[in-house]
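Subject: A structure to look at, with notes

Dear colleague,

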Amino acid sequence: MSQVLQFDPGLKQLLLERSGHPLGEAMSDDVAESRVSVLVRLRSPQSVPPELEETTISGPIATGRVRLGDIVRLRQDPEVLSLKISRHYEPTPFETFDDEDDWEAFEQLPTDVTGRGVVIGFLDWGLDFAHPNFIDDGGNTRVLSLWDQRGGSGSRSPTPYDYGRQFNRAEIQAALATADPYAALNYDPAEIDPFCRGMHGTHTADIALGSGAFPGSSRGVAPGADLVFVHLKGDDTNPEDTLGDSVRIVHGVHYVLDKAGDRPVVINMSLGRTGGPHDRSPLVVQALDALSDRPNTAIVMSTGNYFGAHIHATGQLTQGGSVDLPITVPDVRVESCEFEVWYPGSDQFVATLT
């Protein structure tokens, strides 16, 4: 039983909310049949427990779905070393260049390095696939494939993920030949840009591989590279876009690598979480490590614009002492507010929330 009690607090919280008990005891049949996305570290990649509806394997890390009624049994399996709920990720706010020196350095990129033959994958949201900077001199799209993760299972859902919609290069090219390419694919990035600030995915992709064909724009770092884009969306029912969750991020990387074939690949992810350990211990990080072992593959993640956010605090407790940490909650209505306290496991103290 001790092994059961040590599984992910996020899964315990989910079981508590859905069944009234942190181990899901005496849950109703309909609750037991509902599924949750998880990451699992296996003793061996060949030993996938039957309770896990496995989707991908990345080294020892499997992604998939599990019935709520099977969570405890799955964690008890001797082949399971770790079981984690899929965590949501949010966009990293971006800023444009303000310093003329930055732009000057950007304009002095070597012109003989074009990225031709390389695939650059983006896990982001909102790609303006019809933008002139993503179309070559012959009028052909440079987008090899686009997977919109929003929505459930359908005829356009890629295998084996079975959700969202994908569009291949030929379909995108055919859409460009119409009067309204966005309507032709039923994919309009303006839907997620109500304030007309520009789409984050378009912004990052243009920096990486934009051709500079649009008047007034600058060429990207690799204007000869091709593009695979994954429009992230978390496994939730919220109408607003998120930057996916840890399971769908792993799915997105698998998707990019599959579409790239044997070509060199660079994958950019402008996303992050401020919580959790900032090392290689999270299962999603271990999965990405395993996937980046592929030859000629680099997975790049933004460092985040968190320095000025004032979201970290530190202090030292002494025997019999106390420390007050003020918490500022945004003025906007939020569904939840979460914070973490990290301390040596051998210490004991009392925390009070006022």
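The notes below go from the whole chain to single residues.

This is a predicted model, in which local features need a pLDDT of at least 70 and side-chain atom pairs count only at pLDDT 80 or more, while totals for chains, interfaces and linings use all residues. Residues are numbered from 1 along each chain as its sequence is written, and side-chain values use heavy atoms, with hydrogens and water left out.

The whole chain

The pLDDT is the predictor's confidence in each residue, on a scale from 0 to 100, and its mean over the protein chain is 87, with 89% of the residues reaching 70 or more. Helices (DSSP runs of H or I, at least four residues) and strands (runs of E, at least two) are numbered from the N terminus, and the protein chain has ten helices and twelve strands. Among these elements, helix α1 (residues 2-5) has the lowest mean pLDDT, 45, whereas helix α6 (residues 169-176) has the highest, 98. Where pLDDT is low, the predicted coordinates should not be read in detail.

A residue is called buried under 20% relative accessible area, exposed over 50% and partly exposed in between, using a 1.4 Å probe and protein chains only; by this rule, 41% of the 354 residues of the protein chain are buried. A contact means heavy atoms within 4.5 Å, and among contacts between residues at least 6 apart in sequence, 69% join residues at least 24 apart.

Two covered helices

Helix α8 (residues 200-209) is largely enclosed by the rest of the structure, because seven of its ten residues are buried. These are H200, G201, T202, T204, A205, A208 and L209, and the buried residues of α8 pack against β6 (119-124), β9 (226-231) and β10 (265-269).

Helix α9 (residues 246-260) is mostly covered too, with 13 of its 15 residues buried. From its first C-alpha to its last, α9 reaches 21 Å, close to the 21 Å expected at 1.5 Å a residue, where the expected span is 1.5 Å times one less than the number of residues. Just after α9, G261 takes a positive phi of about 65°.

The aromatic cluster

Rings of Phe, Tyr and Trp (for Trp, the six-membered ring) pair if their centres lie within 6.5 Å, and planes under 30 degrees apart count as stacked, over 60 as edge-to-face and the rest as tilted. The structure holds six aromatic pairs. One of them is the stacked pair of W147 and Y161, at 4.9 Å centre to centre and 25° between the planes. This pair links distant parts of the chain, since W147 is in strand β7 (residues 143-148) and Y161 in the loop between β7 and β8 (165-168), 14 residues apart. Both W147 and Y161 are buried.

W147 also pairs with Y255, and because their ring centres are 5.0 Å apart with the planes at 45°, this pair is tilted. Since W147 lies in β7 and Y255 in α9, the pair ties together parts that are 108 residues apart in sequence. Y255 is buried, as is W147.

Which residues form the cluster around these rings? W147, Y161, Y163 and Y255 form one aromatic cluster. A charge sits over a ring if NZ of Lys or CZ of Arg is within 6 Å of the ring centre and within 35 degrees of the ring normal, and R248 lies over the face of Y163 in this way, at 3.8 Å from the ring centre.

Backbone details in the loops

Most residues other than glycine have a negative phi, and most peptide bonds are trans. In the loop between β7 and β8, where P160 is found, a cis peptide bond joins T159 and P160, with omega about 10°. D162, in the loop between β7 and β8, has a positive phi near 65°, and at 46% relative accessibility D162 counts as partly exposed.

The loop between α7 (181-185) and α8 holds N186, whose phi is also positive, near 55°, and N186 is exposed, with a relative accessible area of 54%. E191 has its place in the loop between α7 and α8 and is exposed at 52%. E191 and G126 are 65 residues apart in sequence, and their C-alpha atoms are 8.7 Å apart in space.

With best wishes
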